[in-house]
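Please open your viewer and keep the selection panel at hand. We will go from stop to stop, and at each one you will hear what to select and what is there.

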Amino acid sequence: MRRRIFLAFVLFTLAVLVLMWLFQTVFLSGLYRSVRTYETKRCASRLIGTDTDELGTEAARLADKYNICLSVYEIRGRRGDCVIKEHVYSDCFIHNTVSDSFLDSLYFDLRENGTYMKTVSLAGTRPGDTAKDENSGQTILYASLDERDGMEYMFLFNTEIYPLASTVSTIRLELVLVSVILVVIAAVLSVILSRRLARPAVRMSREASRLALGDYGVNFDGGGFREMDELASALNNASAELSELDRMQKDLIANVSHDLRTPLTLIRGYGEVMRDIPGEMNAENMQIIIDETARLSSLVSDMLDISRLMSGRMTLEKSVFSITDAVRETVERYSKLREKEGFVIDFEADAEISVKADKSKILQVIYNLVNNAINYTGEDKKVTIRQTVSDGKCKIEVIDSGCGIPESDLPLIWERYYKASEFHRRSEMGTGLGLSIVKSILVMHGAAFGVRSLVGHGSTFWFELPVSVNDENNERNG
């Protein structure tokens, strides 16, 4: 970075110096001549376009403005009388050097060609000049004819081009000094700026290396540069997210280890009892082993589902099915749980509704929401599932009577590995992936979903799916 910044400053300085040398020395004379030629033509155009009554006033103004000597001749027959004469400098060519014969020749040239323009060397035309005196300069002579009010007028304009040899020498010396100063300043600035710009990048690179090694206590500082500050802010956010993810993954490992150890311990214990103690090989003990095996299978399935969802390998196979029947199927799965543990699971539906979605994934959503409600419901052990239809949307709500969720925790409940506080958990609580799986499946369907909760008054989880076209038409006709 430092080398590139230094090189950029050097190249910029050299480009500036080259342009200055070209325009201040090589092209100076040509530019100066072009400017004076343009001013002469512009002055002539304005004066020739002026009314006859205002020629004198306008001639004085233009001569002073453009630093040009001019004369206007009124042509009568073969005679020309000078009616306007403006001197800007006393030794101008048209007033001190032009002879009558030259004027006659010029007049006939103008009659033939319309305008006349020529650069004339002043060497030898002034007292004391020699024929080869280069310091005498040159003059631009411009002439034109104009007819007005039945009279013919000849306009003469004279602009001196002063010699620039000494001026160019002076500018060249100044450019040498300026070039040296600019190179030194560019070198110093490039070193200072490159160090200042590189310092935060070096620091962030060092902090990023620590972050890569798992040190999440790093702090990125952009050094006051907007782009660097934005990058530092993004890296600090990434560090915080990685730290939180690392914490949740450690919690997940702890939770999974605990949840796996309990059923494995029970399976092993009951298996040993059935093997070693006569009479213990009964249906009740076998059912416990089967239940704990199902629990292990559920934990593994959650892990596989979230892995497929995170990798994007899970796809949807949509079809039209009765979501009302799907909810009933889910409720039926818990019939044994209701009989053994006294849970009350009510399903309220206002109609038989079909939707177009992936049935197996929606069943998984309903199962996870009901299972979550059972784990968190209150002492009355009541869970209500409500189906309503409004504006072509079928809304499924799963309501529990538990302790509720604090408002500060509501944004977190859909995240992977999140689990409520220990004192809110039942022993059946899983890995904390259930609601994350629900969120991912509903997002894939483009479905609206959410939660309402009040501490001490339970929670309501809900989602909406569009009613299938046939059911929507039946509803309208009814």
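## First stop: a loop and its charges

Select D53, which lies in the loop between α2 (28–48) and α3 (55–66); helices (H or I, at least four residues) and strands (E, at least two) are DSSP runs, numbered from the N terminus. Before going on, note that this is a predicted model, where local features need pLDDT of at least 70 and side-chain atom pairs count only at pLDDT 80 or more, while totals for chains, interfaces and linings use all residues. Residues are numbered from 1 along each chain as its sequence is written, and side-chain values use heavy atoms, with hydrogens and water left out.

Is D53 buried or exposed? At 78% relative accessibility, D53 counts as exposed (buried means under 20% relative accessible area, exposed over 50%, partly exposed in between, with a 1.4 Å probe and protein chains only).

Patches are made of residues with over 30% relative accessible area and no salt bridge, with like charges joined within 9 Å and nonpolar side chains (Val, Leu, Ile, Met, Phe, Trp, Tyr) within 5 Å. Accessible areas come from the Shrake-Rupley method with a 1.4 Å probe, and for residues only the protein chains shown count as cover.

## Second stop: a nonpolar patch

Next, select V18, L19, L22, F23, V26, F27 and L31, which make a nonpolar surface patch of about 610 Å². Helix α1 (residues 2–26) gives the largest share of the patch, five residues. Click on L19, placed in helix α1: L19 is partly exposed, with a relative accessible area of 49%.

## Third stop: aromatic rings

Rings of Phe, Tyr and Trp (its six-membered ring) pair if their centres lie within 6.5 Å; planes under 30 degrees apart count as stacked, over 60 as edge-to-face and the rest as tilted. By this rule there are three aromatic pairs. Show Y107 and F108: their ring centres are 5.5 Å apart and the planes stand at 70°, so this pair is edge-to-face. Y107 is buried at 12% relative accessible area, whereas F108 is partly exposed at 46%.

Move on to Y142 and F157, whose ring centres are 6.2 Å apart with planes at 50°, so the pair is tilted. Y142 lies in strand β4 (residues 138–148) and F157 in strand β5 (residues 151–161), so the pair ties together parts that are 15 residues apart in sequence. Both Y142 and F157 are buried.

How many salt bridges does a search of the whole structure find? The search finds 15, each being a side-chain nitrogen of Lys or Arg within 4 Å of a carboxyl oxygen of Asp or Glu.

Select D146 and R148, whose side chains meet in a salt bridge (2.8 Å, N to O); both are buried.

Then pick R210 and E207, with the closest N and O atoms of their salt bridge 3.1 Å apart. These two are three residues apart in helix α6 (residues 165–212), about one helical turn. R210 is partly exposed at 34%, and E207 is buried at 15%.

Finish with E348, R386, E397 and R452, which are linked in a network of salt bridges.
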